[in-house]
Amino acid sequence: MSVPTHLDRAFRDRAAAAGELDVAYELTDSPIGELLVAATTRGVCRISFDPEGTELDWLARAYGARVLRSPRPVERARRQLDEYFEQKRREFDLSVDLAAVPEFQRLVLEELQRVPYGATNTYGGLAARIGKPRAARAVGGALNRNPVPIVVPCHRIVGASGSLVGYAGGLARKEQLLALEGTLLG
Amino acid sequence: MEAVAIPPFERLYSETSDEIWRYLVRLLGRQAAEDAFQETFLRALRAYPKLAHGRQLRAWVYTIATRVAVDERRRRSPAGSVPELGSDDVRPAYAELEHLSTDLPAKERAAVVLRYGYDLTYADIAAALGSTEAAARQAASSGVRRLRRRIS
């Protein structure tokens, strides 16, 4: 006899509503694979392409151990992701929680959020925009560890030659996202 | 002792929620078990940040569930009579044990009830009582001897 579904759901809702969670998360389907979407009370803190991996442990270390699958707090983010993938949304209207991110990386990710839908920039270009024109490599590292891909659009940063270079979620996904935004031809 | 990391709450919840649900249904009946279930895991969540380590968390959840169930049964029968158990799936062993063992020393009583009523391992009981496994075993066996003398 397992916990009745309605009771399980009621507990998960109530835990979030009572403010007892450090992180709420839910899994969501997308054209680039199943995603884990997680949020603190401050905003979306993680989107992962690998929901089966060690994500929950990472979340517990970064934000606190009260990590629970609880759909309601991430409903808005999931809906906006759906709209994005259906090409009905070009900008995310979501708070993002980058509290667990080191300062330099946060600077990079905040600047990155200004690169609009359908556009790209380069690692060096982004480095210049944060006033550290020689830090292209460090910028690459910061993007590689972006905890909130898609919403914080690290896929819009490409190599100086226009090559895709790299993506934590795999180059195929980067290509798909850029194609979705109409940035890549073919 | 080696530090054991506190796992994400989801893991503890998904590993224990089914058995805690069954346990509460046995103790309280299905209807009251619903509230008790939520209360148990909410209390666990509230206390979770204060845990010093991740050992014996299953036993820890059982002790919370037990406390919630006892509160609920006390609430139902304020006169202190032995409350009726509400489900067909009751384990009379538990009810009788709890009743019989009320005047055992606290530690022996807890050990007897957790071992023979709830079927917890000695490792889990030790964690629940904050003692060693050997001491838990000792407490349960001397509790049983005492009960036996009383019954015979």
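Trainee: At what angle do helix α2 (residues 30-47) of chain B and helix α3 (residues 57-76) of chain B pack?

Mentor: This is a predicted model. Two packed helices are described by the angle between their axes and the distance between the axes. For α2(B) and α3(B), the axes are 9 Å apart, and the angle is about 135°.

Trainee: Are α2(B) and α3(B) parallel, antiparallel, perpendicular or oblique to each other?

Mentor: Angles over 145 degrees count as roughly antiparallel, and 65 to 115 as roughly perpendicular. The angle here is about 135°. The two helices, α2(B) and α3(B), are therefore oblique.

Trainee: Is the crossing of α2(B) and α3(B) left-handed or right-handed, and which residues of α3(B) make the contact?

Mentor: The crossing of α2(B) and α3(B) is right-handed. From α2(B), the contact takes B:A32, B:A36, B:E39, B:T40, B:R43 and B:A44. By class, the residues of this contact are 8 nonpolar, 1 polar and 3 charged. The residues on the side of α3(B) are B:V61, B:I64, B:A65, B:V68, B:A69 and B:E72.

Trainee: Which element gives the largest share of the side of chain B that touches chain A?

Mentor: The predictor gives the complex an ipTM of 0.92 and a pTM of 0.78. In the model, 19 residues of chain B are in contact with 21 residues of chain A. The largest share, 8 residues, comes from α1(B).

Trainee: How do the residues on that side of chain B divide by class?

Mentor: The side in question is the one that touches chain A. Its residues are 11 nonpolar, 2 polar and 6 charged.

Trainee: Which strand gives the most to the side of domain 1 of chain A that touches domain 2 of chain A?

Mentor: Chain A is assigned domain 1 (5-85) and domain 2 (103-180), and their centres are separated by 24 Å. The contact takes 8 residues from domain 1 of chain A and 8 residues from domain 2 of chain A. The side of domain 1 has 7 nonpolar, no polar and 1 charged. The most, 4 residues, comes from strand β3 (residues 43-48) of chain A.

Definitions and conventions. Residues numbered from 1 in each chain as written. Chains lettered and ligands numbered in written order. Predicted model: local features only at pLDDT ≥ 70, side-chain atom pairs only at ≥ 80, totals over all residues. Axes fitted to C-alpha atoms, helices over the stretch in contact; angles between N-to-C directions. Parallel < 35°, antiparallel > 145°, perpendicular 65-115°, else oblique. Left-handed = near helix turned anticlockwise from the far one by under 90°. Contact = placed C-beta atoms within 7 Å. Nonpolar A, V, L, I, M, F, W, Y, C, P; charged D, E, K, R; others polar. Domains from an automatic or database assignment.
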